[in-house]
Amino acid sequence: MNLPFNDPSKIVEADRAHVWHHLIQHKPFETVDPRILVEGKGMRVWDITGKEHIDALSGGVWTVNVGYGRERIADAVRDQLVKFNFFGGVLGTIPGAQFAERLIEKMPGLSRVYYANSGSEANEKAFKMVRQISHRVHGGKKGKILYRHRDYHGTTIACLSAGGQDERNAEYGPFTPGFVRVPHCLEYRAHELGLEPGPGFGEAAANQIEEVILREGPDTIGALCLEPVTAGGGLITPPDGYWERVQEICRQYDILLHIDEVVCGLGRIGTWFGYQKYGVQPDIVTMAKGVASGYAAISCCVTTEDVFEKFKDDTDRLGYFRDISTFGGCTAGPTAALENMAIIEDENLLDNSATMGAYLHERLTDLMDKHSMIGDVRGEGLFRGAELVTDRETREPLPEKQVGAIVADCMAQGAIIGATNRSVPGKNNTLCLSPALIATKDDIDEIVT
Ligand code: PLP
């Protein structure tokens, strides 16, 4: 690795003095150097000390689906930016039109793509659409949005209002009214829901959503927003029968189904989108991270034509979606996204995600014989988690400090892994592995070892 500067310590000091890092406590930086990354290639990154790491988190937050150092994406973005970089989304651009068309080819039943920059922003767009539909179609009465305990939809106040993770929400209230929580569907913790695990659990968990709908009044609820597989809430895969029942409930009560594919989208769980694995048909889909694998900032809120039609009333001055995202007009995003999608196709990465994901699951499950602290292994595709407990009988979560020490130990040994479950402060006990979709058996063996 060639460092592009002479004195690494100056960079470390500049970071320590001036960068406010996301999502971490800064106190330890008083004695420990912040880690600065310099270079990436494929599955690997190098830090400023020259140390090599295998990245089992795809950029820390499940984003770099096609891996690091993709010249094909960088070249396309450079060429596009030199030709034409930006115009606010009221006018179109060539990559904007092309990527929307390619995306919709992958999403039968949906037809419109609204561009923004981050997952939070895409979800905000969706919430605004639901609220405006309530006003335009239902006299303002059907504007409540249901969200699920342990799901996460972003960092803004409206997204936190739809946030099912109490650690993320604590101290940021008051929140926006009109968001209503439904229970999670984690079978390993079925007892928390007053349900029995096993056959019938999925349907029973979905029926708990119906109970909330009936309590609130179906005529007051505009949408249900769910992750296909709950990511940061502890890698929760939906139990059998859950999604079928969820779809049925939404249709029965005329509730729009908004699926947050910010993490699962673009192959993370072995299909283009997570909902396609579970055979459901959403009305609104939001996506971000893997859309351009972190080579440019882009997110999309994709809807059916039926949703879009509600905003085409030219007899009313307010009859359109009165929303904008300045950088939703940047051409770098859709240009990178087009190449990213082409790479996934050319290299058959959906299949690789499914097969290597199954292999990773097998390897993690084998570890259960050796380590009694692994209580549950779960996930789909290359998105897998191991919930750590002090005792398999009681399922008491392993204390967060011990989980943190395991993550730090892996880091010291050159593997970047994560721990998740922000649903309860201090119970962050699920190890998370989400390597790039290019991962090979050797990469997985190395990570698990
Ligand atoms: N939705 C889900 C499921 C997420 O996991 C995240 C971020 O981790 C978001 C939305 C928010 O995305 P962003 O951080 O790009 O705003």
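Two colleagues talk through how the labels on this predicted model follow from its values.

Biologist: What should I know before reading the labels?
Modeller: The model is predicted, so local features need pLDDT of at least 70, side-chain atom pairs count only at pLDDT 80 or more, and totals for chains, interfaces and linings use all residues. Residues are numbered from 1 along each chain as its sequence is written.

Biologist: Why is valine 389 called partly exposed?
Modeller: A residue is buried if 20 or more other C-beta atoms lie within 10 Å of its own, exposed if 12 or fewer, and partly exposed in between; C-beta atoms are placed from the backbone. Valine 389 has 18 C-beta neighbours inside 10 Å, so it counts as partly exposed.

Biologist: Where does valine 389 lie?
Modeller: Valine 389 is in the loop between strand S12 (383-388) and helix H14 (400-412). Helices (H or I, at least four residues) and strands (E, at least two) are DSSP runs, numbered from the N terminus.

Biologist: Which residues are in contact with valine 389, leaving aside its neighbours within four places in sequence?
Modeller: They are Met373, Gly375, Arg395, Glu396, Pro397 and Leu398. Contact means C-beta atoms, placed from the backbone, within 7 Å.

Biologist: What makes strand S11 largely enclosed?
Modeller: 6 of the 7 residues of S11 (residues 374-380) are buried, so the rest of the structure largely encloses this strand.

Biologist: How do you know that S11 and S12 pair?
Modeller: Two strands pair if DSSP finds at least two bridges between them. S11 and S12 run antiparallel and are joined by 6 bridges.

Biologist: What makes S3 and S13 a pair?
Modeller: Strand S3 (residues 52-55) and S13 have 2 bridges, in the parallel sense. Aspartate 55 has isoleucine 416 in S13 as its bridge partner.

Biologist: What is the strand order of the open sheet of 4 strands?
Modeller: The order is S1-S2-S3-S13, with mixed pairing. Strand S1 (37-41) and strand S13 (415-416) stand at the edges, because each has a single partner strand; one side of each is left without a neighbour in the sheet. S1 runs antiparallel to strand S2 (residues 44-47), over 4 bridges. Leucine 37 stands opposite aspartate 47 in S2.

Biologist: How many residues surround the ligand?
Modeller: There are 16, and the closest are Ser118, Gly119, Ser120, Gly154 and Val262. Such a residue has its C-beta atom, placed from the backbone, within 6 Å of the molecule. Helix H5 (residues 119-138) gives the most to the shell, with 3 residues.

Conventions
Two residues are in contact if their C-beta atoms, placed from the backbone, lie within 7 Å.
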